[in-house]
Amino acid sequence: MCGIIGMVGKSPVNQALYDALTVIQHRGQDAAGIMTYDQGQLFLRKDNGLVRDVFRTRHMLQLRGNMGIGHVRYPTAGCSSSAEAQPFYVNSPYGISLAHNGNLTNGEQLKGEIYREDLRHINTSSDSEVLLNVFAHELQAQGKLRIGPEDVFAAVTAVHKRARGAYAAVAMINGYGILGFRDAYGIRPLCFGKRETEAGAEYMLASESVALDVLGFKLVRDVAPGEAVFIDMDGQLHTRQCVDKPVYAPCIFEFVYLARPDSMIDDVAVHKARLRMGEKLAAKVLREWPDHDIDVVIPIPDTSRTVALEMSYKLGVTFREGFMKNRYIGRTFIMPGQTQRKKSVRQKLNPVELEFRGKNVMLVDDSIVRGTTSQQIIQMARDVGAKKVYFASAAPPVRYPNVYGIDMPAAQELIAHNRSEQEICEAIGADRLVFQELDDLVAAVRRGNKELEQLDCSCFTGEYITGDVSTEYLSELEAQRSEESKQARDANEAATMGLHNHE
């Protein structure tokens, strides 16, 4: 999960890109970057940290030009080194920069091809740099000194034939314009909007529509699976479907957890989808537990609030805010290490004792991934006097790793892997556990857009939409994503930094 932005304007775009990145900061808190273009020159600022920390006034002044792209990142299998902050850049052909959200399932294979056949060097472990070099090679293969939209679309068509997995990307081609494209399944989101000014039309591409809203852009539509959108330097829009048989199958976790509730993702209002999730959860409770003794429904902030509110309404049970959130602590889901994640929960949430004492409480969360956060929150509720603690998840049990750009860990680190729902309930210490049914979750999302042919639900089912995920690939990914591997990489990076500081 990352956030990407691209803009072609009629005036300097640095402030607009900065503002847009702050709006999609929830998609990545590890690193941020902006690259702009002005009169043949590129200007780049990227580093580890939040948007507000990476960009100071001196950096903003240097980001000149009416065209640029931006990125917020959190790491998946890769390390958290600032060397992997995006956008990435290659000087041949023309000078191309790229920012990417997703994960290439054949990234290692492509890396070998790039070295042996394309004669290109990859400087990081990021598959985003791989995607950039594949696109650059295919654009160079057009063999032209000057290119037009048709050449750009031909290159994207060739990229789709080589790259597999999930990718929504924005690329800036020096002197030509901004390109946005999406994989053949539309797994990761991308949309574009238009803003009229006195000087003419401006266009912006973004991971989520909320970034367009806050800057006064009108959402035009989502980029379709397999489609490419190119905005040239004159502000003219060009679009082309670059895949023969695209399939509309976005990641369902965008609607459960990742996206902001005020976003539209693939023509589905995220807020309404979450209301429907709460409705479905309440129906399940009434169906399977009609004589429930729930006194109060309490959300675990922030993503599950919408779900919990509708669930309480349908159950006819009081809704209360029972946890106060420290908004200066990042999302635990994004924390790079399990030890850091455990520590952060107590810093992040504090229970309001009077809402728990002597009551049977139903806690509602968007999902249960590792289970450590759920376990601690349930214990916090008991510590302040809850009589019974029930737990509801807006998503089904997460039993399999995500391979399309979300840091859902190695299978054995998922609390639901090889466990029954009753065993999960016991492991997190709840008195009762209610999971969303997968069919109900899919229905809650698809009611907003019947054109969604299917949804990628692989983390619940183990059925990967791209059809190329082997047992061997999952084993390799597991080795990269395990807490032991991440701790070893962090230790190695710390040692390297220490050596540099000593020198």
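Predicted model: local features only at pLDDT ≥ 70, side-chain atom pairs only at ≥ 80, totals over all residues.

Trainee: Is L119 buried or exposed?

Mentor: Exposed, because its relative accessibility is 71%, and the cut-off for exposed is over 50%.

Trainee: Which peptide bonds are cis?

Mentor: Most peptide bonds are trans. Here a cis bond joins S92 to P93, with omega about -5 degrees. P93 belongs to the loop between β5 (88-90) and β6 (96-104). Another cis bond links P301 and D302, with omega about 5 degrees. D302 is placed in the loop between β16 (296-299) and α10 (305-315).

Trainee: Now charges. How many salt bridges does a search of the whole structure find?

Mentor: The count is 27. Read each one by distance, then by sequence position, then by accessibility. Take K111 and E108: their closest N and O atoms are 3.8 Å apart. The cut-off is within 4 Å.

Trainee: Why are K111 and E108 separated by about one helical turn?

Mentor: Because they are three residues apart in helix α4 (residues 107-116). K111 is partly exposed at 22% relative accessibility. E108 is exposed at 55%.

Trainee: What does the salt bridge between R162 and D118 tie together?

Mentor: The N to O distance is 3.1 Å for R162 and D118. R162 lies in helix α6 (residues 149-162) and D118 in the loop between α4 and α5 (127-140), so the pair ties together parts 44 residues apart in sequence. R162 is buried, at 16% relative accessible area. D118 is buried too, at 10%.

Trainee: Where do E355 and R320 lie?

Mentor: The side chains of E355 and R320 meet in a salt bridge of 3.7 Å, N to O. E355 is in the loop between β19 (349-351) and β20 (360-365), and R320 is in the loop between β17 (318-319) and β18 (323-325), so this pair ties together parts 35 residues apart in sequence. E355 is buried at 11% relative accessibility. R320 is partly exposed at 38%. Salt bridges can also share partners: R27, R188, E208 and E254 form one network that way.

Trainee: What is the nearest side chain of opposite charge to D456?

Mentor: R188, at 6.3 Å. D456 is buried but has no salt bridge. Its side chain does make a polar contact with the side chain of S458, at 3.1 Å. D456 lies in the loop between α14 (438-446) and α15 (458-461). Beyond its neighbours within four places in sequence, D456 contacts A249, P250, C251, I252, Y404, E463 and I465.

Terms used
Residues numbered from 1 in each chain as written. Heavy atoms only, no water. Helix = DSSP H or I, 4+ residues; strand = E, 2+ residues; numbered from the N terminus. Buried < 20%, exposed > 50% of the residue type's maximum accessible area, 1.4 Å probe, protein only. Lys, Arg positive; Asp, Glu negative; His and termini not counted. Polar contact = N/O pair within 3.5 Å; in protein donor to acceptor, adjacent residues only side chain to side chain. Contact = heavy atoms within 4.5 Å.
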